[in-house]
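Visitor: Could you take me through this structure, beginning with the ligand and then moving to the strands?

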Amino acid sequence: MEIKVFKNYQEMSEGVAKLIINQVINNPQSTLGLATGSTPIGLYQQLIKDHVENGTSYKNVRTFNLDEYIGLSKDHNQSYFYFMKEQLFNHIDISLDNVFIPDGGTHDVEAECDAYNQKLSQSPIDIQILGIGTNGHIGFNEPGTPFDSVTQKVELVEGTRKDNARFFDSMDEVPTHAISMGIKNILDANVVILLASGKNKADAIKTMVEAKPHVDCPASALQNHPHVIVYVDEEAASKLSK
Ligand code: PGA
C-alpha cells in the first residue's frame with residue numbers, strides 16, 4: 001500500500017483529481033468505480049472544475065457506484081443515484097447510459113445483485129475510489145463481511161446508520177439495508193484509491209494499514225491488493241506509526 005499524506009482535505013482532493021483526470025485523458029473509455037459520502041465531494045468538485053476549464057470529456061467513460069440504499073427510489077433526494085447526479089453527473093458530459101448504480105427501489109433485490117455482478121464482470125474497473133467508515137467498512141461491507149463477498153444485500157450496523165443520519169430528517173428515516181458491491185468486486189479493480197480525511201478516520205486508517213488483515217476491518221483486505229494508494233490528510237494519518 002502506498003500512503004500519500006496531504007496537508008488538508010483540499011490538497012488531498014486536488015491530488016486525487018489529478019490522477020483521475022490523467023486516467024481519463026489517457027484512456028477516454030476508462031471505467032471508474034465511484035463512491036458517495038462526504039469524502040469524495042472535493043474530488044468531484046475538482047473534476048467538474050477541470051471539465052469546465054479544460055474540457056476533459058467523460059462521454060465514453062463508464063462508472064460503477066459501490067452501493068445504494070434499499071427502499072429509496074432513484075429520484076429520492078437521499079438516494080445515492082440522486083447524490084451522484086447532484087455532485088457530479090449533472091455537471092460533466094457523461095452519458096447516464098454509461099452510469100451503473102444498483103437500483104435500491106427494485107422489488108427483486110437478489111436479481112439486481114446478480115445483474116450488477118454480471119455487469120461488473122463484463123467491465124473491469126480501472127480505478128476504484130473508496131471512502132472508509134469509522135468502523136473500517138468499505139462500500140457498505142461492514143465488519144465481518146468475508147473478503148470474497150460479491151454484490152449483495154447487506155444490513156447496515158447501528159454506527160453506520162448514525163454516521164449517515166446527518167443527511168436525513170430523523171434516524172428513523174435512515175434505511176436499514178443496502179445493496180453493496182462486495183469486497184471481492186473491489187479487489188478486482190486494477191487500482192484502488194482510498195480517501196480519508198479528519199481525526200475521526202485516524203483509527204480506521206491505522207487498523208487498515210498496520211493490523212493483520214482481518215474481517216473485523218473490511219478495509220484491511222486491501223493489503224492483499226497489488227496496487228492501492230491511500231490519500232489521507234494529516235488528521236486521518238495522525239495515528240500511523242511511521
Ligand atoms: P464519509 O463516508 O465519506 O461520509 O465519511 C465514508 C464511508 O462511510 O465509506
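This is a predicted model: local features need pLDDT of at least 70, side-chain atom pairs count only at pLDDT 80 or more; totals for chains, interfaces and linings use all residues.

Visitor: Which residues are around the ligand?

Guide: Gly37, Ser38, Thr39, Gly131, Ile132, Gly133, His137, Arg166 and Lys201 are around the ligand, where a residue counts if one of its heavy atoms lies within 4 Å.

Visitor: How does that shell divide into nonpolar, polar and charged?

Guide: The shell holds one nonpolar, six polar and two charged residues. Here Ala, Val, Leu, Ile, Met, Phe, Trp, Tyr, Cys and Pro count as nonpolar, Asp, Glu, Lys and Arg as charged, and the others, Gly among them, as polar.

Visitor: What lies 2.7 Å from an oxygen atom of the ligand?

Guide: That is an N or O atom in the side chain of histidine 137. A polar side-chain atom of arginine 166 is 3.1 Å from a ligand oxygen, and a polar backbone atom of serine 38 is 2.9 Å from one. The cut-off for such a pair of N or O atoms is within 3.5 Å.

Visitor: Changing topic, in what order do the strands of the open sheet run?

Guide: Seven strands are arranged as β1-β10-β9-β6-β2-β3-β5, with parallel pairing. Strands are DSSP runs (E, at least two residues), numbered from the N terminus, and two of them pair if DSSP finds at least two bridges between them.

Visitor: Why is one side of β1 and of β5 left without a neighbour?

Guide: β1 (2–6) and β5 (99–100) stand at the edges with a single partner strand each, so one side of each has no neighbour in the sheet.

Visitor: How many bridges join β9 to β10?

Guide: Five bridges join β9 (residues 191–196) to β10 (residues 228–233), and leucine 194 has valine 230 as its bridge partner in β10.

Visitor: Which strands are joined to β8 by bridges?

Guide: β4 (residues 67–69) is joined to β8 (residues 177–180) by three bridges, running antiparallel, and aspartate 67 has serine 180 as its bridge partner. β7 (residues 152–155) is also antiparallel to β8, with four bridges.

Terms used
Residues are numbered from 1 along each chain as its sequence is written. Side-chain values use heavy atoms; hydrogens and water are left out. A polar contact is a pair of N or O atoms within 3.5 Å; within protein, one must be able to donate a hydrogen and the other to accept it, and residues adjacent in sequence count only if both atoms are side-chain atoms.
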